Amino acid sequence: MTGPGNQPELRTLSYTQAELDAMSKEDLLLLYKSSGCQDLKWPLALRYVGLVKSIALQVRGIYSSFAQVDDIINEGVLALVGAVDKFDPDKGIKFETFVSKRIRGAVIDLARRQDWVPRSVRRKAREIDQASVELFAELGRYPTDEEIAGRLGITQDQYQEDLANSSLCNILSLDSIFDDPEQGGMDVPDSGSVGRPEDSLLRRELLDTLTEGITSLRENEQLVVSLYYKKNLSMKEIAQVMEVSEPRISQIHSRAIQKLKLYMNRYINGEA
């Protein structure tokens, strides 16, 4: 049934609060998408606050001085509310998958705006990246930790500490590969939007290349990437799963992202 202007009739008053509470998240989402009733948006968004908190704690665990969890959650909730309107159930994509990307993007934007990473950490992260790129070009393979430490003129212990501290920098710079063309990156078409056929092909090609890059990682690096990005576990939770220290997980994570950046840069520059 439609209302004035052939718009879907708003059916909020047809349901009691008890009836809405009894609905599953999926049913409430479909009800909102079919009715367009703005009164349902926040009740729906609140059903997914747990997902926002999970991602907030996950990102907060990367670097101890990055923002307050409440600030991160606020950014994530705003991204969640905006994603509700953009989500298209007919695309065959799970809402959790669709919205997780946007929540993570909002948190990354917050990190960029607030510049929570100290200059010294940024400088060391750039030095590590530069050494990795140079050695990769010279050796034709991923350099070892020992080789990178040697190029930097520091001990392996110092390198591992610097690598762990650069986790957030690595996430930001990997993200910039995809969304900052001015920095040599590419704008990846959104899987949830309707675009040109060539956009879909570009996205598929980029994702295939990224998948190839992930399969080239060591087994423990693949596991950390999977637990962090697919399972949304925090560094602390991953450390418990893998029975190693949290700083060690940060090191493995940074090394994996560093390798993926090298892999994707080769693709973007037409070298792979």
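Two residues are in contact when heavy atoms of theirs lie within 4.5 Å. In this predicted model, residues 24 or more positions apart account for 64% of the contacts with a separation of 6 or more. The chain has 14 helices and 0 strands. Read along the sequence, its pattern is α-α-α-α-α-α-α-α-α-α-α-α-α-α. Of its 272 residues, 42% are buried.

Start with helices H7 and H8. H7 covers residues 119-139, and H8 covers residues 145-152. Their axes lie 9 Å apart. The packing angle is about 115 degrees. Angles of 65 to 115 degrees count as roughly perpendicular, and H7 and H8 are therefore roughly perpendicular to each other. The crossing of H7 past H8 is right-handed.

Which residues make the contact between H7 and H8? From H7 come Glu 127, Ile 128, Ala 131, Ser 132, Glu 134, Leu 135, Glu 138 and Leu 139. From H8 come Glu 147, Ile 148, Arg 151 and Leu 152. By class, this contact holds 6 nonpolar, 1 polar and 5 charged residues.

Now move along the chain to helix H12. H12 runs over residues 219-230, which is 12 residues. From its first C-alpha to its last, H12 reaches 16 Å. That is close to the 16 Å expected at 1.5 Å a residue. Its buried residues are Glu 221, Val 224, Val 225, Leu 227 and Tyr 228. After H12 comes Asn 232, with a positive phi near 60 degrees.

Is Val 225 buried or exposed? Its relative accessible area is 7%, so Val 225 is buried, given that the cut-off for burial is under 20%. Setting aside neighbours within four places in sequence, Val 225 is in contact with Ile 214, Leu 217, Lys 230 and Ala 256. His 253 is 28 residues from Val 225 in sequence. In space, the two are 6.7 Å apart, C-alpha to C-alpha.

H12 also packs with helix H13, residues 235-242. The two axes come within 10 Å and cross at roughly 135 degrees. That angle makes H12 oblique to H13. H12 passes H13 in a right-handed crossing.

The contact has two sides. H12 supplies Asn 220, Leu 223, Val 224, Leu 227 and Tyr 228. H13 supplies Met 235, Ile 238, Val 241 and Met 242. How do the residues of this contact divide into nonpolar, polar and charged? There are 8 nonpolar, 1 polar and no charged. Val 224, Leu 227 and Tyr 228 belong to the contact, and these three residues of H12 are also buried.

Finish at the loop between H13 and helix H14, the latter spanning 246-268. Glu 243 lies in this loop. Its phi is near 60 degrees, a positive value in a residue other than glycine. Why does Glu 243 count as exposed? Its relative accessibility is 71%, and the cut-off for exposed is over 50%.

Note on methods: Residues are numbered from 1 along each chain as its sequence is written. This is a predicted model: local features need pLDDT of at least 70, side-chain atom pairs count only at pLDDT 80 or more; totals for chains, interfaces and linings use all residues. Side-chain values use heavy atoms; hydrogens and water are left out. Axes are lines fitted to C-alpha atoms, for helices over the stretch in contact, and angles run from 0 to 180 degrees between N-to-C directions. Helices (H or I, at least four residues) and strands (E, at least two) are DSSP runs, numbered from the N terminus. Angles under 35 degrees count as roughly parallel, over 145 as roughly antiparallel, 65 to 115 as roughly perpendicular and the rest as oblique. A crossing is left-handed if the near helix is turned anticlockwise from the far one by less than a right angle, and right-handed if clockwise. Ala, Val, Leu, Ile, Met, Phe, Trp, Tyr, Cys and Pro count as nonpolar, Asp, Glu, Lys and Arg as charged, and the others, Gly among them, as polar. The expected span of a helix is 1.5 Å times one less than its number of residues. Buried means under 20% relative accessible area, exposed over 50%, partly exposed in between (1.4 Å probe, protein chains only).
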